[in-house]
Amino acid sequence: MGNTRKLWLGLVVLLIASFSVLLWAGGEIFRAAPPVPENVVAEDGTVIYTRADIEQGRQVWQSMGGMQLGSIWGHGGYVAPDWSADWLHREAMGVLDIWARRDGGMATYSQLPAEEQGALRSRLQAMIRVNTYDPATQTITLTQDRVAALSNVAAHYESLFGNDPATLELREAYAMKQDTVDTLEHRRALTAFFWWTAWAATTERAGDSAAAASPADAATSKRVTYTNNWPSEPLVGNTPPAPLFAWSAFSVLFLIAGIALLGWHYAVTHSREEAPHQLPASDPLATLRITPSMRAVAKYFWLVLALFLGQILLGAITAHYQVEGQVAYGFALSEYLPYSLSRTWHTQLAVLWIAVAWLATGLYIAPALSGHEPKFQRFGVNFLFVSLLVIVVGSFTGQWFAVMQKLGLQNNFWFGHQGWEYADMGRFWQWFLFVGLLLWVVMVGRALWPVLRGPATDSKPIIALLFASTAAIGLFFGAALMWGEHTHISEVEYWRWWLVHLWVEGFFEVFATAVMGLIFSRLGLIKASTASAAVLFATIVFMAGGVLGTLHHLYFVGTPTAVVALGASFSALEVVPLAYIGFEAYHSFKLGKSTPWMARYRWPVMFFIAVSFWNLVGAGLFGFLINPPLSLYYMQGLNLTPLHGHTAMFGVYGMLGIALMLFCLRGLRGQMVWDSRPLKVAFWSLNIGLTLMALLTLLPLGIMQLLATLEHGYAYARSAEFMQRPIVEMLVWMRVPGDTIFSIGAVALAWFVLRLWIAPTREVALGGEVEAGDP
């Protein structure tokens, strides 16, 4: 127990230190965020935009789907352009064309000789990068030439987001429905918001005593825009600043050092002899008493499969929009289910079905561990289930009304579409879900309470960690409530990644690690004391990089260099434990083969092994591919980002959710014969389908976009000109084989679970060790 206490102390100290630094970094982000002006004026005093215009424009952007239709500062969808980069490029070209006509005698900038083009680019950079924001009056002043170019770009966007036939072809390329934004007033306000995001991306951060400790620091600060020179844009001189090179190199050093230290620890600890462990002769969980609340959990897994199948269908629709734009095989689907809505529901369902699987696991395993069924526990399970259904249906309905522009801006934030990827549901539904998660924490805690308050045992530390992670999951969803409708976008991004990274990738990971350790210890395959120490150590290693690794999502959202340094360093440490994931996979494989009766758990263990594989590939290889600052500078918002997202999100968390579901079903329907053939089809189809999706489409398309960015700038790699090339269309169609195989796997899994209830066959002997269909 002494060693366990040291691990607990180390974990507590680590979390206090990490969150202290993370909160400090948040303060720096809030301080250094690009200012939102009260007025944007021309040199002659004409008001171009007001703060109210910019604020309303953001509301309009959120109501139409926000990050689900194109992206802002690289965060969001991939079919439509990044609006910040697109506006920036169009405005820069507009100024250059004005100068080419007036000073060069040519109709366009591209017609000028190379040396004159170079001179105009230098002139443009001197004008467009200078910071004309006056803190005293909170006013940005623009030259007349820039105002003229701005007006032309605004007219283009007003046409694009309406139903002007002149931009119909471009709307189809971007998968935008007709009248994406309902009124001309709202379309004009939208242009104000887009302009401001582009202004921040090309305007050098003002040097001041608060931002720079020395004149040298101030000089460096002035050479970097509010978004650290992102996006790459040759016309305005946006290239990676020096700190991105330096901290990318250091991140590789941190990775190597971390792997070396973990390797040393692994060698030392595994060289110690441990007394042989006596394995049980039969399955200890075969005679587990199923309480009423545990039995009521079954419906959660039916909901998991329904949401999973719905997510796959919406994913297919979303991918097809990239080929046909506004229609699906001739049907005007965008008039009823626009792209931004199908992508919203697709990404939201990914989080929901995985979360529901893990919530159900907590509700099932708590009474199983304690043998205690609290009063009204079954009612609580059923009440929470109904609440989840109401949240899904209610939030999705509100999002449909919002995207179809039928809800109104005054109601959108609370009941419609917030526009933030993975945090799309309206604030009312977020509060509803937060209360539901707190109820879940209470229910799990009530069931575990006899164990937590009882005498010390070898398994008590791991059960305590399970409850701590349960409480953290419930409480940390509160990060979604930390911003308001008009909170600065840099601050929203900070809290949003608390939700996406810390909630999903952080505490759910700890919860899953604790559950897996408890399962194997309760099966008698490993000692409880060994499992407790291993889970605590794994949690320390993961959280060492996981908490501050959150900052690697925030390099280019108006953050100072210190955030880049912290994010680069600690996101590299996130990959360290994944370098040894093969040992975890081999350990799971050995446990699955340790006794004859473990054949009952063959496919749950296989899904655990798949989790290890995709942890290494999706989270490790593809994650570190884009995480260093210099890499992400060029790759953010390209298809290399969803390459990491798909393989890590489903490959790790989705596979883990399925594995946990199958373990719970072993208890709920373990007395029935399990025909493992559908599970075999599901396992291999899901893994093969995900592999094909990654290798045939996302990886080659992402590499093509990366090369285009390096050669021509970010705006070109996201443009319709590039994305409508025949080879891109071919790569999108190459998703069909992988998606089809993947869908077969999902249907096979649903069929397997369904048959456990509609056509069950009871085993001849309790605890039978061979499944139907096994060799």
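Between which two strands does the loop that holds Trp 73 lie?

Tutor: Trp 73 is in the loop between β3 (71–72) and β4 (75–76). Strands here are DSSP runs of E with at least two residues, helices are runs of H or I with at least four, and both are numbered from the N terminus. Please keep in mind that the model is predicted, that local features need pLDDT of at least 70, and that side-chain atom pairs count only at pLDDT 80 or more, whereas totals for chains, interfaces and linings use all residues. Residues are numbered from 1 along each chain as its sequence is written, and side-chain values use heavy atoms, with hydrogens and water left out.

The backbone of Trp 73 deserves attention: its phi is near 55°, which is positive although the residue is not glycine. Trp 73 counts as buried because its relative accessibility is 1%.

A second residue with a positive phi is Asn 229, at about 65°, and it is not a glycine either. Asn 229 belongs to the loop between α8 and α9, and it is classed as buried because its relative accessibility is 4%. Pro 231 is also placed in the loop between α8 (215–222) and α9 (242–270). The peptide bond that leads from Trp 230 to Pro 231 is cis, with omega near 5°.

A positive phi also follows a helix: Gly 371 comes after α12 and has a phi near 70°. Helix α12 (residues 339–370) has 32 residues, which should span 46 Å at 1.5 Å a residue, and the 47 Å between its end C-alpha atoms agrees. The expected span is 1.5 Å times one less than the number of residues. Since 32 of the 32 residues of α12 are buried, the helix is largely enclosed by the rest of the structure.

Trp 24 is part of helix α1 (residues 2–32) and counts as partly exposed because its relative accessibility is 42%. Apart from neighbours within four places in sequence, Trp 24 is in contact with Ala 562 and Leu 566, where contact means heavy atoms within 4.5 Å. Trp 751 belongs to helix α28 (residues 735–758). At 42% relative accessibility, Trp 751 is partly exposed; with residues up to four places away set aside, it touches Pro 678 and Ile 758. Ala 708, by contrast, is buried, with a relative accessible area of 6%. Its place is in helix α24 (residues 677–712), and with residues up to four places away again set aside, it touches Gly 713, Tyr 716, Ala 717 and Phe 722.

Strand β5 (residues 133–134) includes Asp 134, which is partly exposed at a relative accessible area of 33%. The C-alpha atoms of Asp 134 and Pro 37 are 8.7 Å apart, although 97 residues separate them along the chain.

Finally, consider the chain as a whole. Its secondary structure amounts to 28 helices and eight strands. Of its 775 residues, 61% are buried. Among contacts with a separation of 6 or more, 79% join residues 24 or more positions apart. Along the principal axes, the C-alpha atoms fill a box of roughly 90 × 60 × 45 Å. The accessible surface is about 28800 Å², and carbon and sulfur atoms contribute 66% of that; such areas come from the Shrake-Rupley method with a 1.4 Å probe, and for residues only the protein chains shown count as cover.

Definitions and conventions:
Buried < 20%, exposed > 50% of the residue type's maximum accessible area, 1.4 Å probe, protein only.
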